[in-house]
Amino acid sequence: MMTRRQWIGGSIAAAALVAGGAAYEFSAAGVDERAIVAAIAPVLLDGALPRDPAARAGAVEDVVRGMEVAVAGLPLELRAQLNQLFGILRFPLTRRFVAGVRDAWPDAKPDEITRFLTSWRYSGVARLRGAYDALHQLMMAAWYGNERAWTAIGYAGPPHVA
Amino acid sequence: MIRDFVREGVEGGWDVRDLSRIDRDAHVAADVAIVGTGAGGGTAAEILAKSGLRVVLIEEGPLRTSTDFRMREREAYPQLYQESAARKTADKGITILQGRSVGGSTTVNWTSSFRTPSDTLAFWRERYGLRTFDEAQLAPWFAMMERRLQIHPWQEAPNANNSALRDGAAKLGIPSKVIPRNVDGCRNLGYCGMGCPTNAKQSMLVTTIPAALRHGAVLLTRARAERFSFDGTRIGELTVRALQSDGIAPSTHTVTIRARHYVLAAGAIGSPAVLLRSGLPDPYRLVGKRTFLHPVVLSLAVMPQPVNGFSGAPQSIYSDHFMQTQPIDAAIGYKLEVPPVHPVLAATTLVGFGDTHARIMNDLAYGQVIIALLRDGFHAESAGGSVALNGDGTPVLDYPMTPYVWEGARRALLTMAEIQFAAGAKAVLPMHEDAQPYESFPAAREAIARFPMEILRTRVVSAHVMGGCAMGNDVRESVVDEYGAHHHAENLTVFDGSVFPTSVGANPQLSIYGISARNASHLAQRLTGKTAAPIA
Ligand SMILES: Cc1cc2nc3c(=O)[nH]c(=O)nc-3n(C[C@H](O)[C@H](O)[C@H](O)COP(=O)(O)OP(=O)(O)OC[C@H]3O[C@@H](n4cnc5c(N)ncnc54)[C@H](O)[C@@H]3O)c2cc1C
Ligand code: SF4
């Protein structure tokens, strides 16, 4: 049986716990989580989000909200695992040493975030690859599930059924 | 306007009860309680109800009908799929698509309908002693379900995504065929995976379940079967947990079901989970073991002309060539098909991020995707996965990808790239984190040969979960007998995809319909003393 703590892998999870990673909810109230998503999304979705600054900010906000809705619809076990992942990204110590991001999320440079995503994507630790994949899946779904993303990709949306 | 006759039926008095609305515990009595309303549960419900038995159906998910099917991924996945279509194996290496509303996976499946392949049946007879599993004995049951569900080879032209598979394969001398589909009046829209908005797809939601409800069956929704009580020989009752209106969190209320007989049809993963929670005898620790996935690897091609893979019947062409190039228990075989290409499914499956990902997404309309379904379970190094329970009682599947399976995955990536170039692809991107778009087959071949084949590097998905309550005549290696009867609890049978002792080696729905129809008819006769009436 797999427990939450085993998910990311022993030593890393231990670090998160040392850093105070008790359970908390990823939700509208989770201001830090929103900041994390708002920092990562423009990098993960670079080239997909609109370039115009105001439109881009709105799109990032859409991704954050889309993710919140999606996470709220997940089973409790998966939500707990995501909380743990966001715990690692949130606590300065683990953000620094597990994700390799020096600056607080709102200040992190795109390059730094690209390096973080790439290092998890190709990590030798399967659980970190899984964590990258979870971010990839949630953010891609949040953006491409949104009608605003469709024109750019040549998708006219669902047909009209009479 | 499309008539939503299921909703009309409910408004007209079918007995459907949404347990998220109950405010106290309750009891329900029936002749037969069926857990799960998918391929197995739906088929059994119609047969048993028409045989005059009082049936109660228990479904964890909600009732959603054609009016709700708005063809938007963002709405469909959370409402209609297990874990919002984000269910994964324990190590997160494989994404598993399974349905979770009335009709189960049949409400969201892609309508491909194949009888169980004869080489699979031969293997089951020889290796597992399933004597009655020969083509001639099963043929009438498959034929009955083909009539019931309007299964015919697809008559219209395949969409461009499917025709590229046919044309590319033909250039290489690889034969392909037209897929039979369970549709009636299909408008060729391509949204089967989000629930058919026109009721053309002959899923359980619009066929067998309405028929059972018309015959007085009771349907409980947002109702999670938790556990059976067992007195050493028989099941006494079934405890059902009401879910809250979000459909996820358990409420404090339970419904106790007392029935003469219990049918487990919660699907692979779901059915073993109920057995594990119930602690029924399992002396050889077989429950949940040998769970198979037909692990799927994918290849994306950018074509010179639009493909519009989001439009048109999602699957209409297949090739079994690579299932037949070697014996069934030698190197792993694979079936070739294509998937629908909708934005969320594509974007989440497409490897990479940032600009490279966005550039390919911008060409979505030109994207052609082939999938290879690996036939697992026929070799000692393909023993499948095993289901365990999380702390809260929900199931999780551990499925180790073995070198044997990876070898087939690599071969399949090569095959798909070769077919796509033969079909005229400008570039091919195998779904692997180390891949780039390749502009020629030699370039792709050289790269694929060197890919590290490991989880979360090679994209692996599955929409076919099978096994975990294997049929067999030897109690030391099976959970139920060849009619689905549990080896230890005399009033329990299993009718769903969990009973297969290996994978099917073809998209499983018709195998489940046919075998469940036979076994449910057998059960009806046992319970009523009369021959079950055919349902078509
Ligand atoms: C996207 C997709 C596309 C597919 N395409 C095809 C295709 O083209 N052709 C094909 O042959 N097959 C296809 N399949 C697979 C096919 O639909 C399934 O193999 C088949 O429906 C399985 O039948 P089943 O009875 O075993 O389970 P399911 O149909 O999955 O039904 C099980 C039901 O049990 C419910 N349940 C689970 N646990 C509980 C519980 N504890 N209490 C109450 N209810 C519970 C579930 O919510 C579900 O509704 C596809 C599947 C998916 C997801
Ligand atoms: S392709 Fe046919 S069966 Fe599928 S959703 Fe469209 S109308 Fe329904």
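The shell around ligand 1 comprises 15 nonpolar, 20 polar and 6 charged residues. This description rests on a predicted model, and its values are computed from that model.

**Surroundings of ligand 1**

In total, 41 residues surround ligand 1. The closest are Glu59(B), Ser105(B), Ser112(B), Gly497(B) and Gln509(B). Backbone atoms of chain B approach the polar atoms of the ligand at several points. A polar backbone atom of Ser112(B) is 2.7 Å from a nitrogen atom of ligand 1. Taken alone, ligand 1 exposes 1000 Å², of which the protein buries 98%.

Four elements of chain B give two or more residues to this shell, namely helix 2 (39–50), strand 10 (223–230), helix 8 (270–278) and helix 13 (509–528). Strand 10 of chain B provides the largest share, with 3 residues.

Helix 13 of chain B deserves a separate description. Its 20 residues reach 27 Å from the first C-alpha to the last, close to the 28 Å expected at 1.5 Å a residue. The helix is mostly covered, with 16 of its 20 residues buried. After helix 13 of chain B comes Gly529(B), which has a positive phi near 75°.

**Surroundings of ligand 2**

The shell around ligand 2 is made up of 13 residues, the closest being Cys186(B), Leu189(B), Gly190(B), Cys192(B) and Cys196(B). By class, 7 residues of this shell are nonpolar, 3 are polar and 3 are charged.

**Chain A and its helix 4**

Chain A contains 8 helices and 0 strands, and from the N terminus on its elements run α-α-α-α-α-α-α-α. Of its 162 residues, 54% count as buried.

Helix 4 of chain A has 20 residues, which should span 28 Å at 1.5 Å a residue; the C-alpha atoms at its ends are 29 Å apart, in agreement with that expectation. The buried residues of this helix are Arg56(A), Ala59(A), Val60(A), Asp62(A), Val63(A), Val64(A), Gly66(A), Met67(A), Glu68(A) and Val71(A). In an α-helix there are 3.6 residues a turn, so residues three or four places apart point the same way.

**Salt bridges**

Side chains of opposite charge can pair when their charged atoms come close. Over all chains, the count comes to 41 salt bridges. Three of these pairs are set out below.

| Pair | Closest N and O atoms |
|---|---|
| Arg56(A) and Asp46(A) | 3.3 Å |
| Arg166(B) and Asp167(B) | 3.1 Å |
| Glu454(B) and Arg457(B) | 3.3 Å |

The pair in chain A links distant parts of the chain: Arg56(A) belongs to helix 4 (residues 53–72), while Asp46(A) is in the loop between helix 3 (31–44) and helix 4, the two being 10 residues apart. Arg56(A) has a relative accessible area of 18% and is buried, because the limit for a buried residue is under 20%. Asp46(A), at 29% relative accessibility, counts as partly exposed.

In the salt bridge between Arg166(B) and Asp167(B), Arg166(B) is partly exposed at 33% relative accessibility, and Asp167(B) is likewise partly exposed, with a relative accessible area of 35%. The salt bridge between Glu454(B) and Arg457(B) joins residues described by separate classes of accessibility. Glu454(B) is partly exposed, with a relative accessible area of 28%, whereas Arg457(B) counts as buried at 14% relative accessibility.

Salt bridges also link Arg34(A), Glu61(A), Asp62(A), Arg65(A), Glu68(A) and Arg148(A) in a network. Among these residues, Asp62(A) and Glu68(A) are buried residues of helix 4 of chain A.

**A buried arginine in chain B**

Arg100(B) is situated in the loop between strand 5 (94–96) and helix 4 (118–128) of chain B. The relative accessible area of Arg100(B) is 12%, and the residue is therefore buried. Its side chain is joined to the side chain of Glu60(B) by a polar contact of 3.5 Å.

Methods
Residues are numbered from 1 along each chain as its sequence is written. Chains are lettered from A and ligands numbered from 1 in the order in which they are written. This is a predicted model: local features need pLDDT of at least 70, side-chain atom pairs count only at pLDDT 80 or more; totals for chains, interfaces and linings use all residues. Side-chain values use heavy atoms; hydrogens and water are left out. A residue is near a molecule or strand if one of its heavy atoms lies within 4 Å of it. A polar contact is a pair of N or O atoms within 3.5 Å; within protein, one must be able to donate a hydrogen and the other to accept it, and residues adjacent in sequence count only if both atoms are side-chain atoms. Accessible areas come from the Shrake-Rupley method with a 1.4 Å probe; for residues, only the protein chains shown count as cover. Ala, Val, Leu, Ile, Met, Phe, Trp, Tyr, Cys and Pro count as nonpolar, Asp, Glu, Lys and Arg as charged, and the others, Gly among them, as polar. The expected span of a helix is 1.5 Å times one less than its number of residues. Buried means under 20% relative accessible area, exposed over 50%, partly exposed in between (1.4 Å probe, protein chains only). A salt bridge is a side-chain nitrogen of Lys or Arg within 4 Å of a carboxyl oxygen of Asp or Glu.
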